[in-house]
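Me: I would like to go through the assignments in this model and ask what each one rests on.

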Amino acid sequence: MQSRGFTQTLIANSGKISEELAGDYYPFWLHDLVNALFDPLPMVDQLRAMRGELEIPEDSAKSNSCLNMQFKVGTAPAQNSLTYAFCFGGKGGLLQAVLTPGHKAQFGDYLPFKKKMVCPDH
C-alpha cells in the first residue's frame, strides 16, 4: 500500500507475513484496509474457543444471520461494555461484516477462486 509520505509492503507466504514500512505516518484507514485484506477475521481463534453455534438459513441467497455479543471490561465504577458483531449471509454462510473494538470490515460480491469464495472488494 502506498500513500503520500508512507509506503507499506506486505508479503504473505505459507501463512507467514513479512512487513516493511517506510515513512513516518501510517493512516488508520490504510491500516484498516490492510487488515481487512490479509486478516479479515483476526479474532477467529477466540471465536473458535467460544464454541458457539449460529444457524445459517439455507432458504435464500439474500438471508443473513448475525452474532452479537457484549463483554464487560474495566472495574466498577469505571466499567463499560464492548460490542462485537459478526454477520454471515447467503446459503453458504459467507462472512458479510465484522464489528469489534478497533476492527470494522464489510464483505460482499464473493467470487469463486480455485476452490474458495473470495471477496474482491477487500
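**Disulfide and sheet**

Reply: In this predicted model, Cys66 and Cys87 form a disulfide, with their sulfur atoms 2.0 Å apart.

Me: What makes Cys66 and Cys87 a disulfide?

Reply: The cut-off is a pair of cysteine sulfur atoms within 2.5 Å. The sulfur atoms of Cys66 and Cys87 are 2.0 Å apart, so the pair meets the cut-off. By this rule the count comes to 1 disulfide.

Me: Which parts does the pair tie together?

Reply: Cys66 belongs to strand E4 and Cys87 to strand E5, so the bond links parts that are 21 residues apart in sequence.

Me: Why is the disulfide called right-handed?

Reply: The torsion about the S-S bond of Cys66 and Cys87 is about 110°, so the disulfide is right-handed.

Me: Is Cys87 buried or exposed, and how do you know?

Reply: Buried means under 20% relative accessible area. Cys87 has 14%, so Cys87 is buried.

Me: And what is Cys66 called, on its relative accessible area?

Reply: Cys66 has 34%, which lies between 20% and 50%, so Cys66 is partly exposed.

Me: How do you know that strand E5 and strand E6 pair?

Reply: Pairing needs at least two bridges. Strand E5 (residues 80–89) and strand E6 (residues 94–100) are joined by 5 bridges, so they pair, and they run antiparallel. Phe88 has Leu95 in E6 as its bridge partner.

Me: What is the order of the strands in the open sheet?

Reply: The 4 strands are ordered E4-E5-E6-E7, with antiparallel pairing. Strand E4 (64–73) and strand E7 (103–106) each have a single partner strand, so they stand at the edges, and one side of each is left without a neighbour in the sheet. The twist averages 15° from one strand to the next.

Conventions:
Residues are numbered from 1 along each chain as its sequence is written. This is a predicted model: local features need pLDDT of at least 70, side-chain atom pairs count only at pLDDT 80 or more; totals for chains, interfaces and linings use all residues. Side-chain values use heavy atoms; hydrogens and water are left out. Helices (H or I, at least four residues) and strands (E, at least two) are DSSP runs, numbered from the N terminus. Axes are lines fitted to C-alpha atoms, for helices over the stretch in contact, and angles run from 0 to 180 degrees between N-to-C directions. Buried means under 20% relative accessible area, exposed over 50%, partly exposed in between (1.4 Å probe, protein chains only).
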